[in-house]
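Please look through the sequence and the model below before reading on. The explanation then goes from one region to the next.

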Amino acid sequence: MEVKEKGREHPLSIIINDTVKVFRELGFEVAIGPELEDVYHCFDALNFPEEHPARDMQDTFFIKGEKDKVLRTHTSSVQIRFMEEFAKSGKKPPFAIIAPGKVFRNEATDATHEMQFYQIEGLFIGENISMADLKGTLSYFYKKILGEDTNLRFRPSFFPFTEPSIEFDLKYKGKWIEMGGAGMVHPNVLDKCGIDSKKYQGFAFGPGLERLMVIKYLMPDIRPAYQGDLRFNQI
Amino acid sequence: MKISYNWLQNYFEEKLPTPEVISDGIIFHSFEVDEFETIGNDTIFDIKILPDRAHDCLSHWGIAKEISAIFDLKITSQNGFSKQINALQERLLKESSKEPSLKTQLKIEIQDDKCLRYMGRIVRDVKVGESPEWLKEKLKCIGQKSINNIVDVANFIMFDLGQPIHCFDLDKLTSEKLIIRNGKIGESITTLDKREINLDDSILVIADEKYPLAIAGIKGGTRAEVDNSTKNIVIEVANFNHTTTRKTAKKINIQTDAVKRYENEISPELCFITMEAISELIYSLASGELEDIIDVYPNKAKERLINITIEYINKRLGSDFSGREIESVWSKLKFIFEENSGEYKIQVPYLRLDLIGEHDLTEEVIRVMGYDKLVEKLPEIKINDSETNNTYNKMLLVREKLLNDGYSEVMTYSFRDKGDVEVLASATGKNFLRNNISDGLKESIKLNTLNLPLLDMKEVKVFEIGTVFLKNGGIMNVAYGDKKGVVEMSLDKFVKEKMPDDFTPNTIVEENKKSKPFKMWSSYPFISRDIAVWVPESEGNETLKNILQENGTDLLIKKPYLFDEFTKEGRTSFAYRLVFQSYKKTLTDEEVNPIMDNITKKISSLGWEVR
């Protein structure tokens, strides 16, 4: 008798879907944006100054023959698209979104870096959403995914689209691991999208998901994730 | 940037905490510290200055101010060298400061507003020579070479205060007049590193009345180079536009420590302090007679005032800081402030160009207080009409359907050798974005078919859902297939045509899924052997499986995989696949045959027949 075998899931996909599930349970709504972005949504609206290094060809994939197009370097562009639509529809905050997506950086690959990788963007705007809420939310998320025995800490950082900006580390199995960046959405970004920054505030975060996959499943290298090799689907 | 512990100590009377404590302080209140290492009796930190602080922290002074705020230590020296100068030199210095400096003939003319400020000072009769040991050592510890006392002092002050300086040999100028102007087509300059640069009108230069002498803010020229026979010098302490300096440096492909500072926009207010410091140090190490400073500063930097309330800070941070705590931060950062019933009027120090509004000051409060002071809280989300993104839902549904149909999920690269959309430059050499998933999927099927014995699968069936890039933009596709072929269509089309109406996904993710640790595979080839055995029908396959497992040795890298079974005339045939592989080398038949022989012997001894 032949038993019907179920196909095997990709570990990164498991992480993405688990992540989305945790945030959906909290009340976040899923948002998706295009991988092929325009410079406005990828940089201008996110408060990147004209001569920011991220706008250099060395770091970002620009599209030939289309001066205005790039492969998005972060899912933060989804923030902008969502907020523009939201403001246009006449709705008022609060809103909370979670946006998983593939992003691209033009850099040499090694065991911890790929030219394409997944980020999960979170954005929560309301009247009183604070830095303490950010810490609580991230902490809750990592405990859900990796277990109660995790600890979160913030360090100062800089991103043009958040202020304050932080980098956060996670203590997991006795070691501190750098997980990603976050912060309070810069008032300029809210204003550009038509959200009154005098009245509303909130946080955004955008950690990479490969890092989470690698530490959860104890993987030595992220590169096999994109080689179409089913030996990777062990989880 | 490389920062020396002993150099920092020169700013403080009090003994600094240990390098470990300093490093942690910087990491949790200011910047990432890549590493710190002990060199001789000093410790050198490698600090990654954040881009928004590069204008005021690419210097020992900048870091000393951070340490002062972090550890509440008082800065007692205006620079990092006063303590190095011995008593005699100090006396000389005191005497000289009593005398007014000499009248000067130096003239400075700014012809282009790319120069925001230009301070010049002639020092006559300097003694060019070797630098003292302490100076050589300070430069060496941050990776700089010693050249002569004049050049070294200029270099040292830049790493001390963050302001680039240039010195010209006065006697090599055609006149005692410096002109800051744009280059001219046809003009050229030989830089100190002996490169010939052709000028044009986008390149700002420092010139005398005939020749260009230096590329403003970027590199000096050989024409007025200070050398061992130099007697009289002109010190330049100037400020140039950050954007044009960056663009010019890029255009002529010269990157220097000066460019790094100018392109991050330093404050023109830094010039005065720097001119004082370098004058003092040159006088102390090379003597000479200081003439009056000429200072051309057309548009003085404006003082910035920011109003901020305690309420704003606590609302944004979700904290409960008191006025006293917040004021302690202002004091530690040397902000001048007035308080009026919970509202502060802050006078931002000139050098802190990054502080524009209340949100910036809020960051100052929490980073100085420490992010560990934040109390985590989970916000409640009260959104009534939260909806789920349609595309994401479709992706989940289609994924579940294909998994149920036995297709395994893969991810392949978005970059290919050909396609409809091309990127300008790529680190990998694959410059096109995929216009289909099928090509990648076919490669995946080929690879996995070769590896089939390793996969415990009957056949290779894979799918991928992802963006493909067409001439008119990106579209979400789904592709699935096996060795017979691959089908690809848009996600929307799949949902419309292939999804049964009554399809309901299982719970998408099982809660607390028990995961076994991931095991990286060997990159050496494997050998697979099939073995089929007749076993009495009543026996089952347990014993057989155990024999295979126990005698397979360490080289048997997978559990025996049962790929066929049937019963006939009271006997059952079990067919197993055994896969052998080493993590250290390529296996040969000579290594696998004895293992198989042994297994066959064990099975035969039970009276079972190996087919």
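Predicted model: local features only at pLDDT ≥ 70, side-chain atom pairs only at ≥ 80, totals over all residues.

In chain B, 81 residues are in contact with 74 residues of chain A. On the side of chain B that touches chain A, the element that gives the most is α13(B), with six residues. Sorted by class, that side of chain B consists of 37 nonpolar, 26 polar and 18 charged residues.

The helix α13(B) also has a partner within its own chain. Its axis, for residues 358-369, and that of helix α12 of chain B, residues 323-332, come within 10 Å and cross at roughly 95 degrees. Since angles from 65 to 115 degrees count as roughly perpendicular, α12(B) and α13(B) are therefore described as roughly perpendicular to each other. The residues that meet are B:E325, B:I326, B:V329 and B:K332 from α12(B), and B:E364, B:V365, B:V368 and B:M369 from α13(B). By class, this contact of α12(B) with α13(B) has five nonpolar and three charged residues, and no polar ones.

Both of these helices take part in covering another one, α11(B). Helix α11 of chain B spans residues 310-317, and its buried residues are B:I310, B:I313, B:R316 and B:L317. These cover an arc of only 145 degrees around the axis, so they lie on the same side of α11(B). What covers them comes from both chains, and includes α4 (131-146), β9 (175-185) and β10 (201-205) of chain A as well as β15 (304-309), α12 and α13 of chain B. Just after α11(B), B:G318 takes a positive phi of about 70 degrees.

A further helix pair is found in chain B, where α2 (residues 19-29) and α4 (residues 60-71) pack at an angle of about 90 degrees with their axes 10 Å apart. The two helices, α2(B) and α4(B), are therefore roughly perpendicular to each other. Here B:I22, B:G25, B:I26 and B:H29 of α2(B) meet B:E66, B:I67, B:I70 and B:F71 of α4(B). The contact of α2(B) with α4(B) has five nonpolar, two polar and one charged residues by class.

Chain B also holds an open sheet of four strands in the order β18-β22-β23-β24, with mixed pairing. Strands β18 (408-409) and β24 (485-490) of chain B stand at its edges with a single partner strand each, so one side of each is left without a neighbour in the sheet. Between β22 (residues 462-470) and β23 (residues 473-482) of chain B, the pairing is antiparallel and runs over nine bridges, and B:I465 stands opposite B:V478 in β23(B).

Definitions and conventions
Residues numbered from 1 in each chain as written. Chains lettered and ligands numbered in written order. Axes fitted to C-alpha atoms, helices over the stretch in contact; angles between N-to-C directions. Parallel < 35°, antiparallel > 145°, perpendicular 65-115°, else oblique. Contact = placed C-beta atoms within 7 Å. Nonpolar A, V, L, I, M, F, W, Y, C, P; charged D, E, K, R; others polar. Pairing = 2+ DSSP bridges. Buried ≥ 20, exposed ≤ 12 C-beta atoms within 10 Å, placed from the backbone. Arc of directions from axis to C-beta.
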